[in-house]
Amino acid sequence: MLDKTGAELYAEREQRINDAMALKETDRVPLSMFSHFWPATLAGITFEQAMYDYDAFHDAMRQTLELMQPDMYALNQTYICVGPTLELMNFKQLEWPGHGTEPNVSFQFLDREYMKRDEYDAYLADTTDFFLRKYMPRIAGAFEPFAKLPYLPAQYYFKMIRVPTAFAGDEMIEGLEKILAAGKEMRKMMGGALKFAKDMAERGFVQSIGGSAAAPFDNFADYLRGSKGAMLDLFRNKDKLLECMDRVADCIIEDTIIASKNNPSRQIFIPLHWGLDNFMSPEQFELFFWPPLRKVLMGFIEADLIPCVLWEGDCTTRLETIADIPVGKAVYWFEQTDMGLAKSVLGGITCLRGNVSSSVLITGTPDDVDEECKKLIKVAGKGGGFILDGAIGLPDEAKVENVIAMAESVRKYAN
Amino acid sequence: MSNEKHEKLVNLIADMEEDEALTLTQELIDEGAEPTAILDICRAAMDIVGQRFEDNEYFVPELILAGEVLDQMSAMVKPLIADTTDEEDKVDSGMVLIGTVHGDLHDIGKNIVTFMLDVNGYNVIDLGVDVSPQAFIDAIKEKSPEIVGLSGFLTLAFDSMKETVEAISEAGLREEVKIMIGGGQVDEQILNYTGADSFGLNAMSAVNQCKEWIGEAA
C-alpha cells in the first residue's frame, strides 16, 4: 500500500467502492470509515474540543484515516465541528457538550413538537411561509424575528416598497447579525474541512458522502411533529400526513440534487429512524414510510446519485418490500438486520453495508471483532456487493484495538 | 361488563377509534355511569391492546394513541372520583423503578416500557432521563422496588448502565433488586458487560420479565 502514490491509491479505492456499489466482484471487501466522535476518542481530545477546535478535530480525523486506511470515509467535520455555529444561531433542537451535555457526551437531538397538530393546513398551503415565519423562529434564536415578517405573497407595489422596514427593526437587525456571524463561522469551518478533504484526497482517501437526506416520514417525525405527534397523526391526520409526505419528498429531491452537485461523491446518505420493525406495522410502513422514501430514492437515482440508506434497528420484515428498487443503484446499510438474511433477499439487487455490532466494538476483544468481520465478509461479501462498516459506523466508545481489528479484517479475509 | 355500551367502548378503545370512544365515554358519564366502571373499561381495553401488541398486530403508534385515549378518559372521570389515586390502588402491585441512564437524554423506549408496565398493573416509578447512579440508589432506598429498569439509546449508555449496576452493588442493594436493561443497541454482550440480570428488545419482553420475576401484578 505504501509504495503506491496518493493518486493511485485514490483511483484504486474509488474503483473498489464503485464496483461494490455496482454489485461487481472486487479484489477484497471495501472498508468504510463512518463515525461521530470516535476520532476524538482516538486522539484523546474531548467531544467538546471536537465540536469547537477545528484544527484539533482535523488532526483527529487524519489520525483515524491513517490508522484505518479505509476505502472511503465520511467528512465528519461537517456535522461535528458545529459548536460555534450552534451557539451563534442559538440552535434549540440540540443539546451538546457545554450546552446541556457533559464535555465527553455526544450531542443529542431534542424530540419535541416543532410543528403543531393543527398546522398541517398552513404547511400544505404555503410550505415556505410556514418555514420562514413559524418553524424557523421556533428552532433557532437567530431566526425568531422572522416570525414578525409580513406575509410576503400579499405584498405588491408600495406595500412591497415598505417590506424593507420589516428588516430594519432592532430585533430583526440583531437576528440578521447573528445569522451573518453564524454563516461566516460555518464558512470558516467548511473552508478548513474542504482543505482537509483535498489534502486527504491527495494522499489517497476517498469521501463517501456527497449529500444527505431524510426519509419523508422521518423528516416529519424527527424535525416537525416530533415522534409522538407523528405516530398519533397516523390516526388523527392520516390524509394530510400522506399529502405532506408527497410534498416533502419533492422538497428533499430538489434540494439534495442541487446541494450535492459539486461534491466529489455521488452517494447520498439517508439515515432512517422510524421505519424499523418494532416501531410501526408492516401495513403502516407500506403506506406512510416506504412509498415516499422510494419516491426520494428514485428521484436521486434518476439524477445519477446513489442513495445510501442506513436502515437503523432491525428491518427484517421490510426486506421484501424494500427490494423494489433498480438493480445496482443504491446501498442499503443495515444496523441490526441479519446480514445473511439481507443478502438472501437483496443480494443481486443492492449493495449491502454494515454491520459490525457496536457492543462488540466497545466491549469485545480484537478476536471477537475479527470473528464477526470474517463472518460478515464471507456471508455478505460473497460474490461482491458489500462494504464493511460498523453497525452505525464506529461507536464513540469503540476500543482502538477493536477498530484496528475491523480495519485489518478486509485485508485478511477473502469474500 | 354486561352492558352493551360498555362492551362497545372497550372495542372502540381497542380498535383505535379515538373520537368515537371519547364521545361514548362522555355519553356514559352523562347517563350517570360509575367512574370506576369506566376505569374498568379502560383496563379491559388495554388488556386487548397489550395482547395485540404482543401478537405483533399493534406497534408503537397504537400504544401511543391508546395512552392518549386513556389519559383523556381519565381526565374526564377523575373529577367524579373520590380522592383515591392510581398509585394507592397499586400499592400492593410489584414496583418497578425505571430511568434512562446518566448521559443519555432519550426517553421514547423508556416511556413505552413504562406505559406497558403501568397498564399491566405494575407500580412504575419513572425517574426520567440522564439519571445518575446515585439517583437510582436513593430511589431504591426510598421506594424499595423489586425491579430496576435501565434504559439507554446511545452507546454511551453501556458504560452508564455498568456504572449504575456497580454502584447499586457497592451500596449493598444488589440483592434487593432485579435489574433489567434495554434500548437501542443493547444485546446479550452488553448484558454480560453491565452485570444486569436481563435485557429486552421491546416493551413486552420487559412486561414478561417482570411477570417472571415477581408474578402478575395486582
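# Two chains, their packing and their contacts

Visitor: What share of the contacts in chain B with a separation of 6 or more comes from residues 24 or more positions apart?
Guide: In this predicted model, residues 24 or more positions apart account for 74% of the chain B contacts that have a separation of 6 or more.

Visitor: How many helices and strands are in chain B?
Guide: Chain B has ten helices and five strands, and its C-alpha trace spans about 55 × 35 × 30 Å along the principal axes, while 50% of its 218 residues count as buried.

Visitor: What would a compact globule with 218 residues have as its radius of gyration?
Guide: Such a globule would have a radius of gyration near 17 Å, and the 18 Å of chain B agrees with that.

Visitor: Which domains does the assignment give for chain B?
Guide: The assignment gives domain 1, covering 4-80, and domain 2, covering 87-214, and the C-alpha centres of these two domains of chain B lie 28 Å apart.

Visitor: How many residues does the contact take from each domain of chain B?
Guide: Seven residues come from domain 1 of chain B and six residues from domain 2 of chain B.

Visitor: Which helix gives the most on the domain 1 side?
Guide: Helix 3 of chain B does, with four residues on the side of domain 1 that touches domain 2, although helix 3 (35-54) and helix 4 (60-77) each supply at least two residues there. By class, that side of domain 1 of chain B divides into four nonpolar, two polar and one charged residue.

Visitor: Switching to the two chains, how many residues are in contact?
Guide: Between the chains, 22 residues of chain B are in contact with 28 residues of chain A. On the chain B side, helix 4, helix 8 (156-170) and helix 9 (188-194) each supply at least two residues, and the largest share, five residues, comes from helix 4 of chain B.

Visitor: What classes of residue are on that side of chain B?
Guide: The side of chain B that touches chain A has 13 nonpolar, five polar and four charged residues.

Visitor: Back to chain A, what is its secondary structure?
Guide: Chain A contains 19 helices and eleven strands. Its radius of gyration is 22 Å, close to the 22 Å that the globule rule gives for 415 residues, so chain A is as compact as a globular protein of that length. The C-alpha trace of chain A spans about 70 × 50 × 35 Å along its principal axes, and buried residues make up 47% of its 415 residues.

Definitions and conventions: Residues numbered from 1 in each chain as written. Chains lettered and ligands numbered in written order. Predicted model: local features only at pLDDT ≥ 70, side-chain atom pairs only at ≥ 80, totals over all residues. Domains from an automatic or database assignment. Nonpolar A, V, L, I, M, F, W, Y, C, P; charged D, E, K, R; others polar. Rg over C-alpha atoms; globule rule 2.2 N^0.38 Å. Buried ≥ 20, exposed ≤ 12 C-beta atoms within 10 Å, placed from the backbone.
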